[in-house]
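Here is a short report on one protein chain.

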Amino acid sequence: MSGKTKSRSAANADSLSGSVSCDERILRDCHQLYTDSDSGLITVAQSVGVTLLPPRKKITVMLMGNHSAGKSSFINWYVEEHIQRTGVAIETQGFSFVTSGRKRESLTGNATLHLYPHFKPMQEFKGVSEYLSTEVCTSRQKRFSLVTFVDSPGLVDGDMKYPFDVDQAIMWLGELCDLILVFFDPMGQALCKRTLNIVESLNEKHGDRLRFYLSKADEAGGESDRQRVMMQIVQELCKRPGLNKCGFDMPTIYIPNPNKPSRCVNQIEEVCRTVEKTINQTVQNTLNSLEKDCELITQAIADTLDNDRQTSVENRRARCKGCFMALLGFSVPLALMALLVLGSLSRELLEMALGDQGTEALSLYMTPVVRLFDSLSVEQQLYGCGGLVFLSFLLLLLARFSFRTQPTLSSRQKRQLQEKLEYVQEVVKTKKKKLYEEYLRQSVGDQDMDM
């Protein structure tokens, strides 16, 4: 699978102007809204106990299939630069990430995991780290600035041993990839059982991400040979219940070569349209996620402020209850002391201090208590006084526990939360609305914009 690529000057003519596509700018701005160190949504969300993940600025497209199926050649054709090694032999033994950047660079496994931190769990697969690499090139052809390709190892049957569990590694990558392109080689390896087994497993969870292509279609012979190969592949796929579904499609593709014309129908542009559609869907999903995350943060801040108000009310109730208990606790011993003091004073002294009316009123309330106290024996009086003292101690103990309150937000913290709420509602949501308008204006006329 070979082809002629453009020269670097011609291939990157548009990059010299530093042009950035609308979708690329939208994804970059959305990512910035999340990751800003001072007022990013991730920082705001963490302050109210919500965990958010930043959106990726590119989609991830994994290519899989048997060895020599043309995966690396397709990447070279898409970026219009010879990045990946190609050939009949197994050239890609590990996972190679191909992405656009400021300058041409090759990164090893450790650097690759630093560049793509969301792929760090791949280290759990024994031996994978040594077979990870990243190729950074400056090409901006097609939509490459928004795409990260993952070139997977060529799959073969038999005694071929891989330095890691390639099946599980591909399955794990399929969880994170936005699009999975499966290339079937018509030259004898299309029915590789390892490929079909992995495809069937991926289809169970991520069938909407899978796309099938008959690669190297120009090398399959005549039209009748291609039809026979496609029938064999389809029959083998249909034997597997998970892949036997309505609407199955497998376009024929090959790398166009002006020096080797072919009458075979080439649908390689269909792959580009599929990538384009995935990018558009990712932009929409990112904007929708931004709106949902804003609502999530807004609700979390509102709940935090509401819970703080409820806690403040409960604290006031607790303080009132504690004060009441403390008042009762101190009133009992004070009443006993008053009873003893007043009982020891003569009536003449009380009349001098309180007057005749005051003495009569005091006598009216105190006489029943004095009579009750006198009717008790000395031992009963001691027990009664001890019980009252114990009651006072119990009331004071309850008052102490009632005074325990829950922590509340300070005025500064509440002001900061209110500022964050206003920032999310007035700044982020307004920015999201403008980004959505910018995205829609690419395809919808101004007369249809009613936002």
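What covers the buried residues of H7?

## Basis

This is a predicted model, in which local features need pLDDT of at least 70, side-chain atom pairs count only at pLDDT 80 or more, and totals for chains, interfaces and linings use all residues. Residues are numbered from 1 along each chain as its sequence is written, and side-chain values use heavy atoms, without hydrogens or water.

## Helix H7

The cover includes strands E1 (59-65), E6 (179-184) and E7 (210-214), together with helices H6 (166-176) and H8 (223-238). Helices (H or I, at least four residues) and strands (E, at least two) are DSSP runs, numbered from the N terminus.

H7 spans residues 193-206, 14 residues in total. From first C-alpha to last it reaches 19 Å, close to the 20 Å expected at 1.5 Å a residue; that expectation is 1.5 Å times one less than the number of residues. Its buried residues (under 20% relative accessible area, 1.4 Å probe, protein chains only) include Leu196, Ile198, Val199 and Leu202. Arg194, Glu200 and His206 are also among them.

## The whole chain

The chain has 12 helices and 7 strands. Of its 451 residues, 41% count as buried. Take contacts (heavy atoms within 4.5 Å) with a separation of 6 or more: residues 24 or more positions apart account for 78% of them.

## Cysteines

The structure holds 0 disulfides, defined as pairs of cysteine sulfur atoms within 2.5 Å. Cys323 is in no disulfide; its nearest cysteine sulfur, that of Cys320, is 6.5 Å away. Cys22 is buried, at 13%.

Technical notes
Buried means under 20% relative accessible area, exposed over 50%, partly exposed in between (1.4 Å probe, protein chains only).
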